[in-house]
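Open your viewer and get ready to pick out a few residue pairs.

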Amino acid sequence: RELERLAGLLPFPEEVVAGLDKLSVLRLSAGYLRAKSFFSASQSQSCQKAAQKQAVQTLVLTREEGGAGLSLAQALNGFVLVVTSEGLIFYSSHTIQDYLGFHQVDVMHQSVFELIHTEDQQEFRRNLHWALNPPHAPEGAPSAEGGKSLGSSAAAYKPDQLPPENSSFLERSFVCRFRCLLDNSSGFLALNLQGRLKFLHGQNKRSEDGSALPPQLALFAISTPLQSPSILQIRTKNMIFRTKHKLDFTPLACDAKGKIVLGYTEAELRMRGTGYQFVHAADMLYCAENHVRMMKTGESGLTVFRLLTKENRWKWVQANARLVYKNGKPEYIIVTQRPLVDEEGGEHLRKRSMHLPFTFATGEALLYQSAYPLPGFPDPFQNKGKTSKSKKTSHSHEGCSQKDGVDPSSLLGAMMRQNKAVY
């Protein structure tokens with residue numbers, strides 16, 4: 001009950017909070033309280049000049065819907081990123097989703113090195129250090145061991161031993177490759193980070209002996225793509241939406257932007273049954289293959305397919321699905337989707353691999369779960385309702401290819417329930 005109450009206090013939309021697990025609620029609460037302490041301490045500074053600077057930062061970092069900070073963040077060709085000397089993401093503006101595909105709640109209070117290309121991690125570490133000379137961190141351990149050694153090194157310095165905060169020596173401008181769920185080439189996006197190191201006030205950190213540590217420097221930066229976005233990307237970047245599904249992909253919830261793009265209410269999405277009834281027939285097996293991959297690995301990878309809108313039109317989307325676990329077991333699926341124009345969708349279709357793991361003709365590609373290995377070709381109706389951690393394909397008798405015998409949970413069943421007029 002306390003965790004639910006805590007989740008309700010987080011400054012995020014209801015549909016985002018509903019998808020958070022318990023650890024994420026605690027992580028985001030800690031991050032939010034640290035940010036609040038920073039602003040409280042910054043606003044109490046006696047120096048007028050420092051107060052003016054912090055007011056600008058507060059304006060940019062504010063998260064309230066309709067606030068000036070939201071407009072400023074959207075106007076930037078990039079996103080705001082604040083990273084502590086240990087490599088923790090202290091703050092990221094919500095617009096990170098438009099460029100990397102990760103929601104703000106996915107990255108807050110997480111290690112920044114989990115997002116950065118292995119070859120660029122040392123460069124990022126170097127720029128976090130006030131003298132561009134961090135302690136050597138062992139390769140392959142960037143987020144934990146490296147973070148601790150860097151943090152203890154940063155804590156050894158007192159403010160009077162560092163250059164003045166307005167010194168040009170603390171300005172930063174460098175390039176790093178970040179993981180990108182929206183990039184279909186290498187999975188990484190090159191970003192130019194431009195900003196400066198500033199003191200992170202109000203954190204009340206303590207050393208190993210329990211003594212209070214002075215405020216440490218953190219990187220305040222604007223992260224912008226090296227390559228300017230195309231007109232098509234600008235048109236679609238602000239319409240990224242999220243949906244929530246059962247493990248068999250049955251829709252459960254959709255955020256406000258998704259309702260605008262697709263035209264359905266949440267009730268209309270849920271009443272259709274399986275989510276595959278919204279998927280174009282030519283994309284069903286491709287989506288099913290990535291669906292099975294997600295059940296095995298936790299993430300589907302980039303998936304480009306067509307969804308049926310309420311106006312009976314096909315809308316290309318670029319999606320990435322991931323499993324959300326509860327008590328060590330997969331509970332539901334969260335999908336982040338970006339609308340594409342028809343030209344982009346057609347280009348992806350031409351590049352698509354035609355290797356498909358299912359036989360579609362007889363309708364045996366059932367995606368609900370099977371609790372035991374299936375010898376031979378048993379009747380799929382016998383397996384319905386059984387669950388396990390991984391999804392397996394079920395084979396049916398040839399007789400199931402007839403309309404009356406097709407299981408509604410199969411891909412063929414989903415397609416046959418669609419209105420032919422939409423094609």
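Before the first stop, one definition to keep at hand: a residue is buried when its relative accessible area is under 20%, exposed when it is over 50%, and partly exposed in between. Bear in mind, too, that this is a predicted model.

Start by selecting Arg 179, whose relative accessible area of 30% makes this residue partly exposed.

Next, select Arg 196 and Glu 171, a salt bridge with a closest N to O distance of 3.6 Å. Here strand 4 (residues 188-200) supplies Arg 196 and strand 3 (residues 171-179) supplies Glu 171, so parts 25 residues apart in sequence are tied together. Is Arg 196 buried or exposed? Arg 196 is buried, at 17%, whereas Glu 171 is partly exposed, at 46%.

Move on to Asp 283 and Arg 352, whose closest N and O atoms are 2.9 Å apart in another salt bridge. This pair links distant parts of the chain, 69 residues apart: Asp 283 is in the loop between helix 12 (266-271) and helix 13, and Arg 352 is in the loop between helix 14 (342-351) and helix 15 (411-416). Asp 283 is buried at 0% relative accessibility, and Arg 352 is buried at 12%.

For the last stop, select Asp 106, Arg 242 and Arg 322, which salt bridges with shared partners join into one network.

Note on methods: Residues are numbered from 1 along each chain as its sequence is written. This is a predicted model: local features need pLDDT of at least 70, side-chain atom pairs count only at pLDDT 80 or more; totals for chains, interfaces and linings use all residues. Side-chain values use heavy atoms; hydrogens and water are left out. A salt bridge is a side-chain nitrogen of Lys or Arg within 4 Å of a carboxyl oxygen of Asp or Glu. Helices (H or I, at least four residues) and strands (E, at least two) are DSSP runs, numbered from the N terminus. Buried means under 20% relative accessible area, exposed over 50%, partly exposed in between (1.4 Å probe, protein chains only).
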